[in-house]
Amino acid sequence: MTARPEPWQVVSSQVIVADQWVHLRADDCRTVDGRRIEPYYVLEYGDWVSVLALNVDGDAILVEEYRHGAGVVALGTIGGGVTAGEDAHDAARRELREETGYEAAEMIDLGDTWANFGNQTNRVHHFLARGCERVGEQSLDVNETIAVHVLPMDHLGDRLPQSYHQLTWFKAREWLAR
């Protein structure tokens with residue numbers, strides 16, 4: 001019979017990089033049976049939001065932007081980081097307004113998931129924004145270039161190449177049927 005997994009003990013931890021974009025640490029870990037696992041790298045990010053936005057006609061409002069890690073320009077849900085002390089619901093509304101110029105009549109909390117619990121500390125908070133209407137221009141960060149697209153919901157899941165964007169769409173499906 002296989003033993004039940006148990007948390008590792010962190011013997012020591014060293015910060016490798018800490019700046020505005022990333023906080024990376026290297027942990028020296030021990031398993032319950034004494035095995036040494038080092039270095040084990042952990043990315044300490046703040047939480048993120050992912051928003052599937054629908055306009056008043058029920059079409060999806062999506063963003064297209066360059067994603068440097070993968071080296072691709074990709075279509076996706078609206079999203080970004082939750083700032084320290086900010087409520088995820090407020091961050092979802094802020095990101096929707098900043099990235100698209102839209103505001104939602106209704107913001108539905110779809111729950112949260114780990115971004116990547118293998119080596120990241122943060123969670124992704126998923127939202128469905130309904131009844132969105134354009135109220136102004138985008139208000140992008142200096143490092144953002146974002147194209148806004150309004151597309152029919154047909155085959156939307158197939159158009160989203162990022163896994164947690166697909167998860168937001170999947171989690172919203174129950175609400176989309178209403």
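Ile16 comes out as partly exposed, at 42% relative accessibility (buried means under 20% relative accessible area, exposed over 50%, partly exposed in between, with a 1.4 Å probe and protein chains only). Its place is in strand S1; helices (H or I, at least four residues) and strands (E, at least two) are DSSP runs, numbered from the N terminus. Together with Val17 and Tyr41, Ile16 makes up a nonpolar surface patch with about 260 Å² of accessible area. Patches take residues with over 30% relative accessible area and no salt bridge, joining like charges within 9 Å and nonpolar side chains (Val, Leu, Ile, Met, Phe, Trp, Tyr) within 5 Å. A salt bridge here is a side-chain nitrogen of Lys or Arg within 4 Å of a carboxyl oxygen of Asp or Glu, and accessible areas come from the Shrake-Rupley method with a 1.4 Å probe, where for residues only the protein chains shown count as cover.

A word on the ground rules: this is a predicted model, where local features need pLDDT of at least 70 and side-chain atom pairs count only at pLDDT 80 or more, while totals for chains, interfaces and linings use all residues. Numbering starts from 1 along each chain as its sequence is written, and side-chain values use heavy atoms, with hydrogens and water left out.

Now for the rings. Searching the whole structure turns up three aromatic pairs (ring centres of Phe, Tyr and Trp, the last by its six-membered ring, within 6.5 Å; planes under 30 degrees apart are stacked, over 60 edge-to-face, the rest tilted). Trp8 and Tyr40 have ring centres 5.2 Å apart and planes at 80 degrees, so they count as edge-to-face. Trp8 sits in the segment before strand S1 (9-18) and Tyr40 in strand S3 (residues 36-43), so this pair ties together parts 32 residues apart in sequence. For Trp48 and Tyr164, the centres are 5.5 Å apart and the planes at 35 degrees, so that pair is tilted. It links distant parts of the chain, with Trp48 in strand S4 (residues 48-55) and Tyr164 in helix H3 (residues 163-176), 116 residues apart. Ring pairs also join Tyr45, Trp48 and Tyr164 into a cluster.

Here is how exposed the ring residues are:

| Residue | Relative accessible area |
|---|---|
| Trp8 | 39% |
| Tyr40 | 27% |
| Trp48 | 22% |
| Tyr164 | 21% |

Val82 belongs to the loop between strand S7 (78-81) and helix H1 (88-100). Beyond neighbours within four places in sequence, Val82 contacts (heavy atoms within 4.5 Å) Asp47, Trp48, Val49, Asp87, Ala88, Ala91 and Arg94.

Asp112, in strand S9 (residues 106-114), is partly exposed at 33% relative accessibility. Not counting residues up to four places away in sequence, Asp112 touches Arg123, Val124, His125 and His126. Arg123 does something else too: its charged end sits over the ring of Trp114, 4.4 Å from the centre (CZ of Arg or NZ of Lys within 6 Å of the ring centre and within 35 degrees of the ring normal).

Most residues other than glycine have a negative phi, and most peptide bonds are trans. The bond from Glu38 to Pro39 is cis, with omega near -15 degrees, and Pro39 is in strand S3. His155 has a positive phi, near 60 degrees, and sits in the loop between strand S11 (147-151) and helix H2 (156-159). His155 is exposed, at 61% relative accessible area.
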